[in-house]
Amino acid sequence: MGEIKSTLELVMERTRGMVQSREEREQDIFRERARKAAVLAEKHLSGETGLAAFVERLDALSGREPGFDARAAARLHLARTLPLDGAEGKTALAALACLGSPHVREMEEAMEKMAGETEEAEKQAEARLAAELAGRGISGSAAVLRPRTDPGYEKARAAIRERARARIARLAEAAGQDTPRAGY
Amino acid sequence: MAGLDNLMAFIWRDPRANNCNTYLIDGRAPLLIDPGHSAFIENIAGRMEESGFNLPRLALAVCTHGHPDHAEGAEVLAEIPVPVAIHETEEPCLKDMARLFYTSQGQTAPEPRFDFLLREGDLMVGDNTFEVLHTPGHTPGSICLYWPAEKALFTGDLLFEEGVGRTDFPGGDALALKESVRRVQSLDIEWILPGHGEIIQGREAVRENFDFIGRFIFSTM
């Protein structure tokens, strides 16, 4: 006759010996803290909190979690997920500067280079489209060309962004190495 | 057609043939105005071939607006490929408001690819110069093509013989349509080449048509 076991008994039986090491537990705690810092960073990027409030909350998080550098965790998150253009990109760079990131200028340069190359690719695509239409006998002020829908432009833009993303990723990792236990 | 030697007009009289008027201006860079429904392109192409013209020779197709009876065939032309253009206001409308139009007609909304967009200004196609006029009302991005050299106006669905385009579809605007009609009325026109119905020929007939619209159509809108 079989023994009837409660769910709790089954769980206890099957998890016997499954004990988290001290190191694993510390990593879990750190990941959770870093996640909190990342959430604060995202709230700042979305405009929900201003820069001063963002920094204040990071410092409060550090205060609540002894040994945790919330500013460093936020720096790493912002650098890794840096929006490559638009207002969010500028917001992220300003936040990184405020948080003392050593690579802000290089990130700015990477983004400026990307913007310049993208603009140039767009001009080239526009010239190519205008030449194609002219070849068909079409021209005039009424024609609004759309270089951004040109497959050649899309390919060039993707390559430019990939290069910028790789450069910024290297800077982010360098920032991570500069920051003890900031990796997550 | 007397007076417009390079123009071929495919006037809608048979619902099995097309559902709008399609115009072809032949020449060094042939221009097609309003390809019509996709299903009827073959018919239009056949009639062109009878006149010794084939679609791949087209330099450009212009849609006066995005309704399917005028612009659906753009997807067929794009495959040839023939560049297709529409007003810059109309394309975004096609992606949202016109979707309602298609579904209300029990049709699936196509996603035509427009190679470039149009705005107010000159459009040179081969040896012919046209003026693109933004004439909203029937749709937000409706245009008329004015051909000054021939004093001809391609009106799309802005106005017809003794009528104007409907304004009860999504994006329609009766006040804007009236304003657009008044605007083109000031042009020097001897030919009205509408999107549906018969061509109006002669300065006097054109004037009478505008008078009729002003007196009897506008008052009902």
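Predicted model: local features only at pLDDT ≥ 70, side-chain atom pairs only at ≥ 80, totals over all residues.
Starting with confidence, chain A comes out at a mean pLDDT of 88, with 94% of its residues at 70 or more.

On to the interface. Chain B brings 22 residues to the contact, and chain A brings twelve residues. Together they bury about 1300 Å², with carbon and sulfur atoms giving 51% of that area. On the chain B side, B:F116, B:L117 and B:M124 supply 35% of the area buried against chain A, more than any other three residues.

As for polar links, the rule picks up eleven residue pairs in polar contact across the interface, both partners at pLDDT 80 or more. Strand 6 (116–118) and strand 7 (121–125) of chain B each put at least two residues on the side that touches chain A. Strand 7 gives the most, with five residues. Sorted by class, this side of chain B has 14 nonpolar, two polar and six charged residues. There is one salt bridge between the chains, and it joins the side chains of B:E91 and A:R146 at 2.7 Å, N to O.

Finally, B:S180 sits in helix 6 (residues 174–185) of chain B. B:S180 counts as buried because its relative accessibility is 3%, below the 20% cut-off. Beyond its neighbours within four places in sequence, B:S180 is in contact with B:T135, B:P136 and B:L158. B:T129, 51 residues from B:S180 in sequence, lies 21 Å from it, C-alpha to C-alpha.

Methods
Residues numbered from 1 in each chain as written. Chains lettered and ligands numbered in written order. Heavy atoms only, no water. pLDDT = per-residue confidence, 0-100. Helix = DSSP H or I, 4+ residues; strand = E, 2+ residues; numbered from the N terminus. Buried < 20%, exposed > 50% of the residue type's maximum accessible area, 1.4 Å probe, protein only. Contact = heavy atoms within 4.5 Å. Buried area = accessible area lost by both parts, 1.4 Å probe. Salt bridge = Lys/Arg side-chain N within 4 Å of Asp/Glu carboxyl O. Polar contact = N/O pair within 3.5 Å; in protein donor to acceptor, adjacent residues only side chain to side chain. Nonpolar A, V, L, I, M, F, W, Y, C, P; charged D, E, K, R; others polar.
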